Structure formats: C-alpha cells, structure tokens
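Have a look at the fold, then work through the points below.

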Amino acid sequence: RNNGIYSSGGKYLVFLDSDDNLLKGSLNGVEKVIKKKSNPDVVIVKYKKKTFPNTNYKLIKDNEKEIKSEKLINYVVKNKVPFSDCWFFVVKKKMILENKINFFESRFGESELFVAKLVCLMKKFAFFSGNFYYKKDRDSSLTQSQDFETTKSTLNNLIQFCIFKRNTFLNNIKKNFLNTYIQSIFGVFSA
C-alpha cells in the first residue's frame, strides 16, 4: 500500500483489497461528492459485506450533515462503530504525504493506525452514501489468525499507537478515540 501511495498519480486514493470489489458507479459518485464538498481530506464511503456489521450506512446517515471531526469521533466511540479498515475511506493523497501517514510493516492490523491517524488529522471530511465497496470476508483471512507472528504484530501495533499519541498534539476527544483502539488491541494481544 505504501508503494501504491507514492507511485499513484491521482489526487485521491482508494484502497481496494485483492478479493473485494468496487460497486457500479462508485468512482463517479465519489468524484461528485469530492467536487461538491470542495475537496475534503477524507471521504467516508458506504460498504457492504456479509458479516457484522453488514454496512456502515447508519453511521453515514446519522452523520452526513456533520462538519466537525470531534462530533463524528464521539459518535464512533459512543456507538462502538468499527472504524479500522482503510478500504472505507477515500483519501486525498496530499493529506497523506503532508502528515507522513503510512502503513507500517505488520502482519496483522496494519490498517488501524493508518485510519486512526487519518481521522485524528483530517481537517475536512465528507460522506458518500451511494453504493461503493463490497467486502468479501473469508474465514482464512489474517484477522482470524492466532499465532506468534500475530501476537508480535499486535504488540508492535500497541507501541506505534502509543508513540503517535505521545508525539501528536491531540484534544481529549481524539485521545479518547485512540484509547479505544489501544484497549481493543491490548485485548487481542492479551488473548
């Protein structure tokens, strides 16, 4: 993904896992949102999948008029909305480069810190409520593994979150948001 970020020529990036697909009209629809909302840093897009949660439509519906990231973050924390996969964000490349946001080398959970940084550092965001992404969940994916490499990756993730939290000026709402990730990762690590 890091190679893709730096090699890309576009202004916005879409992260598409190899076994997933974009839905018909998705790129045209998100382009209209980007233009209408004056080039936001991040566009949160609607996804569909077979496992829980099947979609993030309620998140979008409840927040699509929101312009303050703190209110969105409060909603995510209060409602325990899963918010850790990079594939339901369309991101301005310039925002990633200026904030030096990248994926660190990890076998498990490499997207979580990337997403947390995006959400904490974005200045302007928008939503695309049209059909965008279809996630094909598999029982054999890395998210289901429990071995030494997964445990080591989880510990590295914890360390990276703590470094970001310590080295970045964040308000209490954003610190609390990061704490939810840290608690969740610690739970995985402990298990």
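H6 is mostly covered, with 11 of its 12 residues buried (buried means under 20% relative accessible area, exposed over 50%, partly exposed in between, with a 1.4 Å probe and protein chains only). This is a predicted model, where local features need pLDDT of at least 70 and side-chain atom pairs count only at pLDDT 80 or more, while totals for chains, interfaces and linings use all residues. Residues are numbered from 1 along each chain as its sequence is written, and side-chain values use heavy atoms, leaving out hydrogens and water.

**Helix H6**
- The buried residues of H6 include Leu113, Phe114, Val115 and Leu118, as well as Glu112 and Lys117.
- The cover over these buried residues of H6 includes helix H1 (2–7), helix H4 (69–78), strand S4 (89–92), helix H5 (93–98), H7 and helix H8 (172–190).
- Helices (H or I, at least four residues) and strands (E, at least two) are DSSP runs, numbered from the N terminus.

**Ser153 in helix H7**
- Ser153 sits in helix H7 (residues 148–167).
- Ser153 counts as buried because its relative accessibility is 7%.
- Beyond its neighbours within four places in sequence, Ser153 is in contact with Ser106, Arg107 and Phe108 (contact means heavy atoms within 4.5 Å).

**Leu27 in helix H2**
- Leu27 belongs to helix H2 (residues 26–36).
- With a relative accessible area of 46%, Leu27 is partly exposed.
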